[in-house]
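Hi everyone, thanks for coming.

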Amino acid sequence: MRNETREYKFDWMLWNTFAAAARLKSGTENEYRAMLKYIPYFNRVVDTLLGTGEPGQKFIEICSKYMENLTFAKEKGKKTAITTFCFSPAIFYAMDIVPICLEVLSVMMTFVYKRGTAEFLDYCNEVGFTETSCSSQRGTVGAYLAGIGTDVDMFVTDTPGVCDTNANAFAFASAYLDKPFFQLDMPPDLTGSRSNEYHREDFKALIRFLEAQTGKKLDPERLKENLRELARQDEIIAELEDLARLVPNPLPVSYNLMVYASRFLFAGMPECTGVLESMLKIARENAAKKISGLSGGVEKLRAFFCYIDHYAQNMQLWQMLDGNGICYQGNILSHFWSHNAPHVSEYHKEEAAYKIDTTNIDSLIDSVGMINSRMPMIKSIRGPYDAPNMWLEDTLGLAKLYGADLIVYNGTPGCRNTWGMVKLLARDTEKAGYPTYIMYADAFDARVQSWEATEERFMEFLKVRRLV
Amino acid sequence: MKEFFEASTALNNKHVTEWKKNGKKVVGYTCSYVPDEIFHAAGILPFRIRGFGATDTTIGDTYFGPFICSLPKCMLQLAGEGKFNFLDGAIITPGCDSMRRLDECWRKAGSDVEGVIPPFFFHFGVPHKYSDYTIKWFTEETRRLIAAVEEHFKVKITGADLKKAIKLYNYSRKLLDRFEELRTLDAPPFSGEEALAVILAGTTMPREEYNALLEQFIAKAEKSPGIKNRVRLMLVGSANDDVGLVRVMEGEKAIVVADNLCFGSRFYSDRVEEEGDPVFELSRRYLGHNDCPRMYGDYRRRLSILEKKVEKSKIDGVILQNIRFCDLHGSENGLFERDLEAKGIPCMRLEREYGPLVETGRMKMRVDAFIERIQQRRAIA
């Protein structure tokens with residue numbers, strides 16, 4: 001790692017970057033355009049997001065707020081927990097713990113820095129963590145292992161039984177830094193009384209762990225308030241998803257990213273609701289005018305990503321889709337499994353979804369346990385890919401409901417879980433009539449395959465399959 | 001010793017052939033979290049599935065993606081080649097992501113080619129932590145497995161049968177404890193290669209025969225003058241069922257006197273309580289005993305186990321090996337290296353592929369260099 005990288009806390013730097021970005025539009029348009037020249041590695045992210053109007057502005061503001069919260073957590077006397085994208089942070093907010101989501105921070109750095117997270121990725125290897133592990137955690141955890149992030153109090157993950165390489169990153173870092181560790185474990189089955197009881201007991205154990213770490217009891221009123229806000233967010237997301245079914249889709253391509261990132265950052269908090277509400281407002285307006293959310297206005301194709309996005313610098317994936325008239329119909333991260341989501345009511349069993357019940361403390365714990373066990377990836381990619389409620393069924397269901405013309409897989413070479421069966425999945429989705437493209441890139445590390453090569457191969461696939 | 005080597009280096013060995021000739025069933029499993037006693041109680045031979053003997057992974061690569069451990073790929077390769085046709089059943093456990101996905105890949109191969117998949121195929125869930133509710137869940141899972149075996153094979157597994165099997169396997173563990181004591185002597189009566197063959201044989205032959213052979217082996221070993229003046233190594237990390245790998249490491253200068261491999265000492269450590277509900281006791285032992293990094297958040301305990309072994313076996317150096325893409329062992333090896341080296345215990349990390357010893361030269365060179373380092377250290381001391 002370069003000496004200059006060690007000069008400042010990385011999270012403080014990231015906070016400053018987003019805080020500055022959030023202020024860019026406060027001047028005139030000319031001033032804004034002039035400023036973009038001075039942030040050559042970041043200007044396209046800013047322009048893409050701010051180009052969406054109020055939602056993009058609010059989204060950058062909550063990214064800044066999130067970074068500010070974790071940067072100054074210790075000064076405010078709060079505990080910090082390193083956690084993962086597929087762990088709903090609602091429980092942390094209810095217990096006044098500041099969550100630090102590794103993957104979201106990795107995405108932020110990959111978007112805005114020329115070198116992405118490369119130095120932190122490599123630092124992990126220097127201290128003994130395997131180079132074959134997933135880059136989504138490695139990209140940020142390396143900074144904490146190097147001691148250039150805010151002080152961490154605990155590690156909490158919910159991926160054992162879902163993603164080893166994720167769970168292992170948390171286990172490794174907690175052992176390396178000698179910090180407390182908690183895992184929510186996931187049995188192979190999503191539904192049924194055994195799994196439900198297991199989730200409940202496991203979540204109760206998590207609450208005991210968090211209470212022990214913070215020295216505070218869980219405040220049911222606060223959790224209730226948080227879950228009510230979450231239910232409101234679910235309603236908005238459900239409407240956005242419903243609108244995405246229209247032809248043309250009135251949602252701009254970057255909305256998917258903003259939906260899931262907002263939820264990963266501020267589930268159950270007004271910050272997330274604010275972004276979602278402003279997206280809904282524009283989506284409704286577009287829908288009323290029957291116009292596409294694509295900047296070119298013409299929808300040529302609809303793509304469903306069955307796993308994650310490619311977070312190449314400057315949001316180039318979104319720009320590529322938008323520039324080619326490809327409507328982005330979501331990925332496995334952007335579809336939540338609330339009982340009122342269109343994909344739940346239309347093709348799924350209600351049992352596979354969660355419902356928020358704020359009646360009493362038991363129902364609150366059950367609700368938050370169910371939410372966690374049905375988070376993106378946790379729900380779909382735990383048991384066998386072709387089991388009920390799992391990856392194949394979810395992928396085909398979502399692709400059909402949102403009218404996808406093709407399915408795209410993108411992940412990281414560290415994803416043992418999906419690479420272990422993606423060939424099988426692709427065979428089945430092709431049989432079901434969906435041209436399926438497996439990207440061999442690394443979503444978080446352009447050194448594995450440059451974005452230019454990734455884009456070229458993607459476009460080649462579209463040509464070969466005569467989709468364009 | 002010949003019997004052990006034969007049983008540990010041939011998949012369909014003479015014990016399995018003999019067993020099948022008598023019309024009895026064989027069920028394979030992929031991970032040491034599956035209680036053998038259940039199958040013994042059902043009159044079925046439990047057989048640890050391995051990838052040993054695969055010469056390529058063309059079939060494995062057809063189903064698995066490229067970034068996957070070569071162990072399950074080799075297992076699938078052998079299944080695809082019909083080498084596991086003697087199995088009447090197979091049990092897949094979520095030992096790790098790669099191994100978990102063997103379930104789907106094997107099933108898919110079975111739907112592509114007739115006869116590739118055994119008639120009984122079962123996914124056996126194993127929690128990733130040890131607590132009251134995880135044992136409860138695992139006990140129910142074990143009961144689910146028992147019910148499935150009973151239904152498929154038309155057998156009845158009674159509590160009395162299970163208790164009998166538990167006693168038999170506990171006796172085996174007692175013998176293996178004695179075997180381990182001999183292994184840690186200043187002049188061990190057998191090499192690490194032989195030790196691995198003895199342990200592996202236990203995963204592929206009827207337990208009664210194994211115990212009898214083990215008794216004879218121990219009796220003979222107790223009279224042996226032992227192997228002296230070798231650098232004493234401990235082998236740690238990913239699954240290794242290849243006696244040839246240990247032979248390469250030992251060469252003429254070293255001897256592997258301890259391990260913490262799932263095909264090694266982790267396989268027989270601890271007993272099952274013989275009183276009480278046998279299913280619960282089996283579940284408690286099998287979930288609790290196993291010191292695999294898949295049990296997240298338990299690093300300190302595993303480090304402590306290694307430290308005790310280092311002391312007890314007078315280890316000169318620790319080889320921390322992992323199969324490529326085995327992030328669990330690979331990363332934990334990084335922690336072990338940091339913490340053991342800090343205590344003055346020389347360590348060497350070694351990444352390798354599972355399967356044919358294509359890397360013999362590289363590994364031999366690295367291990368020899370490590371041994372030299374230890375010898376120089378000794379000389380200075």
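**A helix pair and a sheet**

Okay, let's start with who touches whom: from α13(A), Y255(A), M258(A), V259(A), S262(A), R263(A) and F266(A) meet E271(A), C272(A), V275(A), L276(A), M279(A), I282(A) and A283(A) of α14(A). Contact here means heavy atoms within 4.5 Å. By class, that contact has 10 nonpolar, one polar and two charged residues. Nonpolar is Ala, Val, Leu, Ile, Met, Phe, Trp, Tyr, Cys and Pro, charged is Asp, Glu, Lys and Arg, and the others, Gly among them, are polar.

Quick housekeeping: this is a predicted model, with local features needing pLDDT of at least 70 and side-chain atom pairs pLDDT 80 or more, while totals for chains, interfaces and linings use all residues. Residues are numbered from 1 along each chain as written, chains are lettered from A and ligands numbered from 1 in written order, and side-chain values use heavy atoms, leaving out hydrogens and water.

Back to chain A. The axes of α13 (residues 255-266) and α14 (residues 270-289) come within 8 Å and cross at roughly 160 degrees. So α13(A) is roughly antiparallel to α14(A), a label for angles over 145 degrees. Axes are lines fitted to C-alpha atoms, for helices over the stretch in contact, with angles from 0 to 180 degrees between N-to-C directions. Helices (H or I, at least four residues) and strands (E, at least two) are DSSP runs, numbered from the N terminus.

Now chain B: four strands make an open, parallel sheet, ordered β2-β1-β3-β4. At the edges sit β2 (45-48) and β4 (120-123) of chain B, each pairing on one side only; pairing takes at least two DSSP bridges. Four bridges join β3 (residues 89-92) of chain B to β4(B), and I91(B) has F122(B) as its bridge partner.

Note on methods
Angles under 35 degrees count as roughly parallel, over 145 as roughly antiparallel, 65 to 115 as roughly perpendicular and the rest as oblique.
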